[in-house]
Amino acid sequence: VQLVESGGGSVQAGGSLRLSCAASGIILSVLTMDWYRQAPGKQRELVATITSSGSTNYVDSVKGRFTISRDNAKNTVYLQMNSLKPEDTAVYYCYAKLPFGTWGQGTQVTVSS
């Protein structure tokens with residue numbers, strides 16, 4: 001089982017990025033998938049969740065700005081991030097609790113003011 005994130009980078013405040021999490025060894029369409037982030041000196045934080053039925057949930061700080069989605073044909077989960085703020089700067093990870101509690105390697109997002 002492997003999760004590989006991509007799409008991070010450096011943007012100015014107000015900009016957008018789309019993160020991707022490509023999976024191998026598991027079928028994302030039947031799983032609940034999460035995006036987490038960890039800023040320097042802070043605990044890892046759950047940012048967004050998408051269930052197998054397509055229900056989504058977000059931490060309050062990103063509601064209305066971030067959108068989690070899934071492309072079953074590509075076995076990939078996305079995190080569209082708009083109106084980025086400097087406080088969104090972090091390493092972003094995708095996570096599949098089942099079957100083995102698998103984390104991706106992370107992708108850095110840096111937002112400058």
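Strands here are DSSP runs of E with at least two residues, and helices are runs of H or I with at least four, both numbered from the N terminus. The model is a predicted one: local features need pLDDT of at least 70, side-chain atom pairs count only at pLDDT 80 or more, and totals for chains, interfaces and linings use all residues. Residues are numbered from 1 along each chain as its sequence is written, and side-chain values use heavy atoms, with hydrogens and water left out.

**Exercise 1. Find the disulfide and say which parts of the chain it ties together.**

Step 1: apply the cut-off. A disulfide is a pair of cysteine sulfur atoms within 2.5 Å. The sulfurs of Cys21 and Cys94 are 2.1 Å apart, and the two form a disulfide; the count comes to 1.

Step 2: get the hand. The torsion about the S-S bond of Cys21 and Cys94 is about 65 degrees, so this disulfide is right-handed.

Step 3: locate the ends. Cys21 belongs to strand S3 (residues 17-24) and Cys94 to strand S9 (residues 90-96), so the pair links parts that are 73 residues apart in sequence. Both cysteines are buried.

**Exercise 2. Describe the largest nonpolar core and pick out the residues with the most contacts inside it.**

Step 1: know the rule. A nonpolar core is a set of buried Ala, Val, Leu, Ile, Met, Phe, Trp, Tyr and Cys residues joined through side-chain atoms within 4.5 Å.

Step 2: The largest one has 29 residues, and Leu3, Met33, Trp35, Leu79, Met81 and Tyr92 have the most contacts inside it. Strands supplying at least two residues of this core include S3, S4 (33-38), S8 (76-81) and S9.

Step 3: zoom in on Leu79. Leaving aside neighbours within four places in sequence, the contacts of Leu79 include Leu17, Leu19, Trp35, Phe66 and Tyr92.

Methods. Buried < 20%, exposed > 50% of the residue type's maximum accessible area, 1.4 Å probe, protein only. Contact = heavy atoms within 4.5 Å.
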